[in-house]
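Q: I'd like to learn how to read a structure like this one. Could you walk me through it, feature by feature?

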Amino acid sequence: MSQITKTTYQLPIGPIHPALKEPVMFKFEIDGEKIIAVDVELGHVHRAIEWTGMRRNPIQIIYLAERICGICSFVHPMAYCRAVENACNIQVPERADYLRVVHGELERIASHLLWAGVAAHEIGFDTVLFLTWEMREKVLDLIEYLTGNRVTKAILMIGGVRRDIKPENIPKIKETLEYFKENYKKLSHVFLDDKTFKMRSQGCGILTYEDALRLCAVGPTTRASGVKKDVRVDQPYAAYSDLDVDYMTPDKRTGEINGDVYDRIIVRLLEVKQSIELIERAVDQMPTGDIMSEPKIPKLLNYIKKTAGEGIGRDEAPRGEVIHYIKFDGVNEQPFTWKVRASTYANILPWIPMLKGQQIADISIVAASTDPCMSCTNRVTIIDKNKKYMLDKEQLHKLSVEKTRRLMR
Amino acid sequence: MRFSMLGPVFKQMFKKPWTNKFPAKYQPNNTTKYLADVASGKIKINPPVPTPDGFRGKIKYDKEKCIGCKLCIKVCPCNAIEFKENEKKIKVYLARCCFCSQCNDICPVSCLSMSDEFLLSDADPYSKDLIVE
């Protein structure tokens, strides 16, 4: 008889799996119920958005950037517009800055509430899913009222915003904010005091302070581990510098930082409250004036076409920092380069320390706790003669050496 | 707290449903017959939730005003607009339109506008209802 050795098993989940909302491939090394090692494979929803963008004019790209992500449909075009404004030295009017804050924070509320509902659904608490999504419906109603559409808002323009908030719109905003404040208490009570949530989320999927720093996590994921990182505070854009924003870390409520799923729930709920207050303040303090620096779009397009330069736009999306980089060569209308780094990309690696040592049943809630958005993340897939492959380190090194030789010739 | 959701759940049981039953309260036995009846005016449909001001629906095009400057074609993000060379007028394919209303903003003579019509689904993307000219 051969000797029976202790062995681990492999459990592949994805790319398409009922537990996953978007295509991503996990390879788990398991010993019984315990996860020993994790590998994540991306690249299943690559849509060549940057490639498409490099063949369009700057105005058309706004609407393309809006479609990178359905939930961050304000933050992506905002980062893009800020990159173009940076590259071409366009000053945004002050009122437009405040309007951008209002729309950005409305989107943050919608996104965090959506996430809270999904998290509740992942642990099997579906009544809370409906409670949070009822609130989210109100946010979407307000967004539709202000921008004309629920999801793809089409509100941004290079150098401003396209639609103003009129005085007659303010009562409805105030009314909805009151509704949120009232319901926020109910929601935070359910999420933070309920035994079911505590059982599943406390001590689960821990990301330590050191790991969060080392792996460059962003957004609520990193703030839950105690890292004070928020673009709105670090490098204030739009009107955030006037509005007194602070880092939301879980110790504001519980007095301690554990970096587990529970802390990530706390951070997101605190941010919902912060966003409600920010909108209230922004609406009150909003100055009068123009909302666009250049209302004549052909003139704007012409100006961008003649300008050579590169720009960068950093924004705090609901999931963390999003960066858009753009370069114009001054000859063509189309950008020379357009690069997007969505926030989930930085939050993929933290999955590995989070998932190690957890049980299989915790995979979905731990993975969901970073609020992953796969479609935003997939950027590079190489297709050569209809064959799709990814490059590893050796191949990349080889390519790099080849390029050096080619340039030396 | 173990049953923090119990209160909201009980309240929910006695609330009126949020869903607006559009276009019919219950699924008709025969959809084709139902639609025919609606068309002939025998039955009235349940009205939809009203759209807000500034809603971006089907594009309206004022052909007389159009000067054929092609600016809308230049900014359209999804190439939904076609230029008719002999007439010097445009043709909008709504099946491709993303309803951003950028063409409305750029039009120098304001011949384009957004209506509040949103029932635009069709089996054929090139049907007559989905082409504005």
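This is a predicted model: local features need pLDDT of at least 70, side-chain atom pairs count only at pLDDT 80 or more; totals for chains, interfaces and linings use all residues.

Q: Which way do β2(A) and β3(A) run, and how many bridges join them?

A: They are antiparallel, and seven bridges join β2(A) to β3(A), the latter being residues 34–41. The two form a hairpin with two residues between them, and A:Gly32 in the turn has a positive phi of about 65°.

Q: What pairs with strand β1 of chain A?

A: That's β2(A) again: β1 (residues 9–13) and β2 (residues 25–31) of chain A pair in the antiparallel sense over five bridges. For a position to look at, A:Pro12 stands opposite A:Lys27 in β2(A). As a general idea for reading any of this, side chains in a regular strand alternate between the two faces of the sheet.

Q: In what order do the three strands of the open sheet in chain B come?

A: The order is β2-β3-β5 in chain B, with antiparallel pairing. At the edges stand β2 (81–84) and β5 (131–132) of chain B, each with a single partner strand, so one side of each has no neighbour in the sheet. Strand β3 of chain B, residues 89–93, is joined to β5(B) by two bridges. Within that pairing, B:Val92 stands opposite B:Val132 in β5(B).

Q: Now for the inside. Which residues touch the most other members of the largest nonpolar core?

A: The general idea is that nonpolar side chains tend to be buried together in soluble globular proteins. Here, the largest core has 140 residues, and the ones touching the most other members are A:Phe26, A:Tyr80, A:Ile158, A:Phe191, A:Trp338 and A:Trp351. Helix α4 of chain A (residues 94–122) gives the most to this core, with 13 residues. Apart from it lies another core, of six residues, including A:Cys72, A:Val75, A:Val322 and A:Cys373.

Q: Which residues is A:Trp351 in contact with, leaving aside neighbours within four places in sequence?

A: With those neighbours set aside, the partners of A:Trp351 are A:Val24, A:Phe26, A:Val40, A:Val366, A:Ala367, A:Thr370, A:Pro372 and A:Met374.

Q: On to the interface. How much area do chain A and chain B bury between them?

A: About 2500 Å², with 53% of it on carbon and sulfur atoms. In chain A, the residues that lose the most area to chain B are A:Gln60, A:Glu134 and A:Arg162, together 18% of what that side buries. Counting residues, the contact takes 34 from chain A and 27 from chain B.

Q: How many salt bridges and polar contacts are there between the chains?

A: The count of salt bridges between chain A and chain B is two. In one of these, A:Glu333 pairs with B:Lys74, and the closest N and O atoms are 2.8 Å apart.

Q: Which elements give two or more residues to the side of chain A that touches chain B?

A: Those are α2 (58–66), α5 (126–147), α6 (170–193) and α12 (297–306) of chain A. The largest share of that side, nine residues, comes from α5(A).

Q: Where is the cis peptide bond?

A: A cis bond joins B:Phe22 and B:Pro23, with omega about -5°. B:Pro23 lies in the loop between α1 (6–14) and α2 (31–40) of chain B.

Q: What is phi at A:Ala48 and at A:Asp371?

A: Phi of A:Ala48 is near 55°, a positive value in a residue other than glycine, and phi of A:Asp371 is also near 55°. A:Ala48 is in the loop between β3 and α1 (49–53) of chain A, while A:Asp371 is in the loop between α15 (363–368) and α16 (374–377) of chain A.

Q: Is A:Asp371 buried or exposed?

A: With a relative accessibility of 5%, A:Asp371 counts as buried. A:Ala48, at 27%, counts as partly exposed.

Methods. Residues are numbered from 1 along each chain as its sequence is written. Chains are lettered from A and ligands numbered from 1 in the order in which they are written. Side-chain values use heavy atoms; hydrogens and water are left out. A nonpolar core is a set of buried Ala, Val, Leu, Ile, Met, Phe, Trp, Tyr and Cys residues joined through side-chain atoms within 4.5 Å. Buried means under 20% relative accessible area, exposed over 50%, partly exposed in between (1.4 Å probe, protein chains only). Helices (H or I, at least four residues) and strands (E, at least two) are DSSP runs, numbered from the N terminus. Contact means heavy atoms within 4.5 Å. Two strands pair if DSSP finds at least two bridges between them. Buried area is the accessible area (1.4 Å probe) that two parts lose on being put together, summed over both. A salt bridge is a side-chain nitrogen of Lys or Arg within 4 Å of a carboxyl oxygen of Asp or Glu.
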